[in-house]
Amino acid sequence: MADSNTPKPSSSVKLVLLGEAAVGKSSLVLRFVNNDFQENKEPTIGAAFLTQKCNLPTRTIKFEIWDTAGQERFASLAPMYYRNAQAALVVYDLTKPTSLIKAKHWVAELQRQASPGIVIALVGNKLDLTSDGAGSGGDADGAGAEDSGDARKVTTEEAKTYAEEEGLLFFETSAKTGYNVTEVFTAIANAIPETSLKTARGPGASHTAGRTEEQRVNLNGPRDPNAKEGCAC
Amino acid sequence: MARQAEAETNDDGASKVTSPSPSPPPPPLPPRRKPSGEGPAQVAPAQAKPTTAVSSIDISTLSFPDGSRGTFSTNAAQAVSAPAASGYVTPVGDLADSMSIMSFAPTLRPHGDLASLVAGGLNRKSRAWNMLRSQSETVQPFESIELGALGDLAGFEREFDEIPDNTADDIRLAIWKSKMKHYMILSSAGKPIYSRHGDLSLVNSYMGIIQTIISFYEGANNPLLGFTAGNARFVIAIEGPLYFVAISRLGESDAQLRSQLEALYMQILSTLTLPTLKNIFAHRPSTDLRKPLEGTESLLSSLADSFTKGSPSTLLGALECLRLRKSQRLAINNIFLKSRSEKLLYGLIVAGGKLVSVIRPRKHSLHPSDLQLIFNMLFESGSIKSGGGESWVPLCLPAFNNRGYLYMYVSFFDGRTDAAFVGEAAQQSPESSHDSTSENNSERASNNVEDEEEIAIILISPDKESFYDLKEMRDKLAAQLTKSGHLSLIRSAAREGRPKIQTVAPGAQISHFLYKSRANVQFCMSSVEPASAAQTAAAAPEPSGPEKLLTHRRLMTLYHELHASMHAKYAHLKVLHAVSEDAASLAWITPIFEFYCVAGPNVSRAAMAQGANRIIQWAKREEERLFIIGGGVF
C-alpha cells in the first residue's frame with residue numbers, strides 16, 4: 001500500500017470500526033495498516049486513531065481510521081467517532097452469533113444517526129476458525145460448514161441476506177491470515193462517491209470486483225456476494 | 001533467612017542523630033541512663049531477631065524543634081567514651097554537606113558523620129580479621145544462594161504462567177495453590193469480580209469462603225484486616241461495596257499489601273468513577289461488576305504483576321524521572337508550554353516509564369498514584385502500545401477527581417527507525433513525521449528491546465471533543481522537539497538507563513540503591529546489574545530472563561523488609577543496618593530523603609555507610625537533574 005508518487009487526486013476518508021468486544025476490530029486494522037497480527041491482543045481502551053493510504057486507479061484515499069473499543073461502557077462515546085464518518089466497518093465474529101446481533105444494532109444506529117451517505121461494510125471476522133478457512137472461503141456455504149463441525153456459528157447465507165436487505169457491503173475475513181482484509185478497505189474506498197454525496201453503491205461495488213481481481217488473482221469466493229450485493233442495490 | 005538487625009544507635013558509636021537542617025540548635029541531650037558495665041567494644045548483636053523487632057532494642061525518641069525526630073538507644077551515654085582509638089578514620093569528604101548526619105554528642109571525633117556513627121565494633125577486630133574481611137567483601141548480595149536452593153522463592157519463575165485450561169481440575173488447583181501471590185476482588189454480595197490466577201470456575205468456591213469470613217466480621221462491626229495461614233499472609237481491604245484480598249507468601253508487610261490493594265481499587269475507579277460504582281451497587285447489590293469492567297482485566301493484572309515482581313515506585317509511593325540536565329529539561333518544558341493547546345489540562349512526556357517533562361495548570365498538581373495508573377496502562381499492559389497509532393482514552397484520575405472522566409491523548413514516538421531519522425536530518429515536518437508513523441509501527445511492535453526507550457506524549461483534557469486539538473498540539477510539539485534536537489537527547493538519555501553505582505560513587509561497595517526525594521515525591525535508583533562485572537572486570541554473562549526476575553524479586557523483598565521496618569508504627573527509626581546470610585542492607589530516613597541500599601553480606605557497616613554518604617551527596621548534587629522540580633506551569 002505504499003504511496004506511489006504519481007500525482008493523483010487524494011482525499012481523506014473518515015472510517016469508523018464498530019462491533020462487539022473481541023470480534024477482531026483492532027486486528028483487522030493492524031492487518032490493514034501494518035500487515036501484522038498479534039495473538040491474544042489486549043482489548044483496546046477508548047479508541048485508537050490510525051491512518052493508511054489506499055491507492056485506486058484514479059485516486060488515492062487516505063483512510064483516517066477510528067478503531068473503537070467494543071466494551072459496553074464505551075458505547076456512549078461512539079457518536080463522537082461516527083459523526084461525519086464517510087465509512088463504517090461493522091464487525092462481528094463468525095463463531096459468535098450474539099456478535100451479529102450486536103452488529104445489527106450498530107448498523108441500525110448508524111443508519112439512524114450517522115451521516116446519510118455513510119458507506120457501511122458488514123464484516124464477519126475469524127474465518128480462519130472455520131473449516132472453509134482462508135483461501136477456500138465462499139466455497140462452503142453455511143450448511144456445509146455446519147456439517148464439518150467447525151467453529152462457525154453464523155452462516156454466510158444469513159449474514160449476506162441481512163447485508164443485502166440493508167444495502168451493506170459484505171465480507172468474511174481473517175485478520176489472522178490476512179484473507180480478504182485489504183479487499184474490504186479497497187471496496188469501501190471504491191464505494192465512497194467522488195462527491196461525498198448520496199451513495200452510488202452499485203457501481204462502486206462492481207468496480208471493487210474488478211479492482212480486487214487486479215490485486216490478487218486467487219480470490220474466488222467472497223467477492224461474488226459482494227458483486228451480487230452491488231447488483232441488488 | 002537468619003538475620004541480625006541492629007538499629008543504628010544500639011551500639012557504642014553514637015549517641016544520636018538529627019535532621020540535616022543547616023545549623024540546628026543543639027537539641028537537649030537525651031536522658032541518660034546509668035552506665036552499665038558493658039564496654040564499648042562489646043557488641044552483642046541481636047542475633048536472629050527479625051528486622052521488624054526493633055522493639056527489642058530499647059529506643060527512645062525525641063522530637064526536635066524543627067519537626068524531626070531523633071532516636072536514641074539507652075546505652076547512649078557510653079558513646080562519649082568511644083575513642084578514636086580504633087584507628088578508623090572516617091573520610092569526611094564534604095563537611096559543608098548538610099545531608100550528612102551530625103552527632104551532637106561530645107565526642108573525640110571532630111566530625112561524626114554517619115560513617116563514624118555506625119562504625120561499630122567490626123573495626124576493632126584484629127588486623128588478620130580485617131584482611132580476611134577485605135577479601136570477602138567482594139561477595140555480591142545473593143551470590144551465596146545456590147542454584148536450586150531457591151528457598152522462599154522456589155517456583156517464582158513460574159509465578160506468571162497461565163494456569164492451563166486443558167488439564168484435570170486437581171492439577172489446575174495445585175498450580176493455583178502454588179502461586180505465591182494472589183489478588184482477588186469480590187463484591188460484598190459475594191460475586192467474584194477479579195482473580196489474578198485461575199478462572200472463576202476454579203476460584204469461585206474460595207471466593208465464597210473469603211466472602212463468608214469477611215462478612216462474619218463485618219456483621220460483628222469488627223472488620224477483618226488480615227490474618228496468617230501457614231506461610232501466607234492475607235490482607236483485606238474493604239472499599240464500599242468491594243472486598244479486596246491480597247494473599248502473599250513474599251513477606252510484604254500489611255501496610256505494603258494494603259497500598260497494593262488500594263492501587264487496584266484506584267484502577268477500578270479509573271475505569272468507572274466513584275459515583276458510577278456506587279450507583280451500580282445502590283440499585284442492585286448483586287450486580288456482576290465483571291461486565292462494566294470488561295476489558296480492564298489486563299490492566300489489573302499488569303498492575304498486580306508489577307507488585308509481585310516488586311515495584312520500587314509503589315513501595316516508595318513515588319515516581320521515577322529521566323535524568324536530564326536542568327537546562328535541557330527547562331528547554332523541553334518551554335517548548336511544551338509554547339505548543340500548548342487551550343484544551344490541555346496536563347501534558348506529559350514519558351520515556352520508558354520515566355517522566356521527562358510535565359506541564360500543568362498552576363492550581364493543579366499531578367498525584368503519583370494517578371500517574372502510576374497511566375504508566376501501567378501505557379508501559380506495562382499492551383492495550384495501548386500494541387494498537388499502534390494514536391489513542392484517545394477516557395479515564396478517571398481518582399486522586400485528581402474521582403467523580404468524572406478526563407480524556408487522554410497518547411502517541412508513541414517510533415523506535416529505532418525514528419532515531420536514525422533524527423540523527424540524519426534534524427529537519428522533519430510534522431506532516432512527514434506523522435505519515436511515517438504507520439510504516440514504522442510494525443517494526444516497533446516486533447522489537448521489544450526498545451521498550452526502555454519508548455517515548456510517549458500524553459496530553460490530558462477535560463473536553464472529550466478535543467482529540468484533534470491535542471493531536472495538532474502533539475504534531476507541533478513533536479516537530480519542535482525533533483527540530484531542536486531534544487528528541488534525540490531524550491532518546492539517548494533513555495538509552496543510557498539508570499545510573500550505575502560505579503559512576504555515582506566509584507569504588508563504593510554498595511550494589512544497589514533507592515533514593516527518594518520526599519519533597520518531590522520522586523525517586524531514583526541505580527541500574528540492577530551484576531556489580532561483579534565491574535569489579536572483577538570479568539564480563540559476567542547477561543542474566544537470563546527468569547534469573548533476572550529472581551534477582552529483582554530478592555532485591556525488592558529486601559527493600560520491602562527494610563521499608564516495613566523503617567515505617568513500622570512507633571518505630572521512628574532513622575537509620576537501620578541489617579545483615580543476613582545473603583546481603584547487608586542499610587536504610588536511612590530524614591525529612592528530606594529516604595535512602596535504601598544493599599551490599600554483599602560481608603561489607604562492613606562502615607564501608608556501607610561511607611558508600612551511602614557518597615551516593616546521597618551525589619543525589620543532592622544532581623537533584624535538579626534527577627528530579628522534576630515543579631515542572632512547567634501555566
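This is a predicted model: local features need pLDDT of at least 70, side-chain atom pairs count only at pLDDT 80 or more; totals for chains, interfaces and linings use all residues.
I then placed the residue. B:Ser270 sits in helix 5 of chain B. Leaving out residues up to four places away in sequence, I listed what B:Ser270 touches: B:Leu373, B:Leu395, B:Cys396, B:Pro398 and B:Tyr405.

I followed B:Leu373 next. B:Leu373 belongs to helix 10 of chain B and takes part in that helix's contact with helix 5 of chain B. I looked up the axes of helix 5 (residues 254-272) and helix 10 (residues 368-380) of chain B: they come within 10 Å and cross at roughly 75 degrees. From helix 5 of chain B, the contact uses B:Ala263, B:Met266, B:Gln267 and B:Ser270. Helix 10 of chain B brings B:Gln372, B:Leu373 and B:Asn376. I sorted these contact residues into 3 nonpolar, 4 polar and no charged.

I found 17 cavities of 30 Å³ or more in the structure. The largest cavity holds about 100 Å³. I recorded 13 lining residues for the largest cavity; nearest its centre lie B:Cys321, B:Arg323, B:Lys354, B:Arg498 and B:Pro499. Helix 14 (486-496) and strand 16 (522-525) of chain B each give at least two residues to this lining.

Key
Residues are numbered from 1 along each chain as its sequence is written. Chains are lettered from A and ligands numbered from 1 in the order in which they are written. Side-chain values use heavy atoms; hydrogens and water are left out. Axes are lines fitted to C-alpha atoms, for helices over the stretch in contact, and angles run from 0 to 180 degrees between N-to-C directions. Helices (H or I, at least four residues) and strands (E, at least two) are DSSP runs, numbered from the N terminus. Contact means heavy atoms within 4.5 Å. Ala, Val, Leu, Ile, Met, Phe, Trp, Tyr, Cys and Pro count as nonpolar, Asp, Glu, Lys and Arg as charged, and the others, Gly among them, as polar. On a 1 Å grid over the protein atoms alone, a cavity is a set of points where a 1.4 Å probe fits but cannot get out, and a pocket is an open set with protein on both sides within 12 Å along at least five of seven lines; lining residues have an atom within 4 Å of a point. Grid points are joined across faces, edges and corners, and a volume is the space filled by probe spheres set on the points.
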